[in-house]
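Keep the structure open while you read.

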Amino acid sequence: MAIRKRSWIGRLGVAAGVVTLVVVSLFPVYYMLLTSLKGSTDLLAEPPSFLFTPTLDNYVQLLVDGQFSRYYLNSIEVAFWSSLIAVFIGTMMAFAFNRVQFRLRKLLFFLILVPRSFPPVTTIIPVFFAVRALGMMDQIFTLVLFEAAVRLPLVVWVMRGFLRNVPNELVEAAMLDGCTLTRTFFQIVLPLVAPGLVAVGIITFIDTWNAFLVPLVLTNFDAVTAPVAILSYMQSEEALIWGIIATGGFLTILPILIFSLLLHKFLLRGLTAGAVK
């Protein structure tokens, strides 16, 4: 009886801790949404008001009257194409490291992972001078290439774990039946690691979407992304436009929230499948 009581109290404590963690984590998002829906009078109210008449003036001003919609599309374009390139190339590299025997394979795999351990700020200066010398500043193409290259080590690392779970006998049987290594990879192996592809694709998309330092340094106007555009609203005005900034911030995290809500089960299943050998 005492054990059952302690177990009941333990579950209640865990539930209370989880609820507290969720509330603390989501309260900034909730307050940002409220701020984006406030008029100028409610924004300056002291203490902050939680009951007010919502308005979409900030959204209209940001998306219709300003350039934020263009910067938002830039973020979508950079995140989508860089994730696609990183997942495609990284998966082929992981397959080669698993199935193809060649000299210095372990050393090359180690060298590919090394840049992932560097803080981005340590490499941004040589990257800036190289991009400027090549005449590729302020271009979507430049951001796509750089962000794909940065996410490549993560894709290789994650997909190597998934590809290890594909039986060697299956690959060998396909090749004995006449499949080339390339055809075996695309028609036999890739469908078996689809959960891993989706999982690492979501991770790279979120990681690229949240990128700030590199787009800040390598863009000026045409290729500016949404996080960098929000910073410009904080610097270009004499007074901070809290409603506009909150609206931009909420729109920026909205795709991440949608991804988390719609694909979290698939993401967890994919990561778990890759962890268990």
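Start where H7 passes H10: the crossing is right-handed. The model you are looking at is predicted. The helices involved are H7, residues 140-164, and H10, residues 194-209. Their axes come within 10 Å and cross at roughly 155 degrees. An angle over 145 degrees counts as roughly antiparallel. That is why H7 is described as roughly antiparallel to H10.

Which residues of H7 and H10 meet? On the H7 side they are Glu-147, Arg-151, Leu-154, Val-155, Val-158, Met-159 and Phe-162. On the H10 side they are Gly-196, Leu-197, Val-200, Ile-203, Thr-204, Asp-207 and Thr-208. Sort the residues of this contact by class, and you get 8 nonpolar, 3 polar and 3 charged.

Now move to helix H4, residues 68-99, and helix H5, residues 105-113. Their axes also come within 10 Å. Here the crossing angle is roughly 150 degrees, which means that H4 runs roughly antiparallel to H5. The crossing of H4 and H5 is left-handed, whereas that of H7 and H10 is right-handed. From H4, the contact uses Met-93, Phe-97 and Asn-98. From H5, it uses Arg-105, Leu-108, Phe-109 and Ile-112. By class, this contact of H4 with H5 has 5 nonpolar residues, 1 polar and 1 charged.

Stay with Phe-109 for a moment. At 11% relative accessibility, it counts as buried. It also belongs to an aromatic pair. A pair of aromatic rings is described by the distance of the centres and the angle of the planes. The count for this model comes to 14 aromatic pairs. In one of them, the rings of Phe-109 and Trp-157 have their centres 6.3 Å apart. Their planes are at 15 degrees, so the pair is stacked. Phe-109 lies in H5 and Trp-157 lies in H7, so the pair ties together parts 48 residues apart in sequence. Is Trp-157 buried or exposed? Its relative accessibility is 53%, so Trp-157 counts as exposed. Elsewhere, Phe-27, Tyr-30, Tyr-31 and Phe-50 form one aromatic cluster.

Next come helix H8, residues 168-176, and helix H9, residues 181-192. The axes of H8 and H9 come within 10 Å and cross at roughly 140 degrees. The two helices are therefore oblique to each other. The crossing of H8 and H9 is right-handed. H8 brings Leu-170, Val-171, Ala-174 and Met-175 to the meeting. H9 brings Leu-181, Thr-184, Ile-188, Val-189 and Leu-192. This contact of H8 with H9 has 8 nonpolar residues, 1 polar and no charged ones.

Finish on Ala-174, which is found in H8. Leave out residues up to four places away in sequence, and Ala-174 touches Cys-179, Thr-184 and Ile-188. Thr-184 and Ile-188 are among the H9 residues that meet H8. Now look from Ala-174 to Ser-25, which is 149 residues apart from it along the chain. The C-alpha atoms of Ala-174 and Ser-25 are separated by 49 Å.

How values were computed: Residues are numbered from 1 along each chain as its sequence is written. This is a predicted model: local features need pLDDT of at least 70, side-chain atom pairs count only at pLDDT 80 or more; totals for chains, interfaces and linings use all residues. Side-chain values use heavy atoms; hydrogens and water are left out. Axes are lines fitted to C-alpha atoms, for helices over the stretch in contact, and angles run from 0 to 180 degrees between N-to-C directions. Helices (H or I, at least four residues) and strands (E, at least two) are DSSP runs, numbered from the N terminus. Angles under 35 degrees count as roughly parallel, over 145 as roughly antiparallel, 65 to 115 as roughly perpendicular and the rest as oblique. A crossing is left-handed if the near helix is turned anticlockwise from the far one by less than a right angle, and right-handed if clockwise. Contact means heavy atoms within 4.5 Å. Ala, Val, Leu, Ile, Met, Phe, Trp, Tyr, Cys and Pro count as nonpolar, Asp, Glu, Lys and Arg as charged, and the others, Gly among them, as polar. Rings of Phe, Tyr and Trp (its six-membered ring) pair if their centres lie within 6.5 Å; planes under 30 degrees apart count as stacked, over 60 as edge-to-face and the rest as tilted. Buried means under 20% relative accessible area, exposed over 50%, partly exposed in between (1.4 Å probe, protein chains only).
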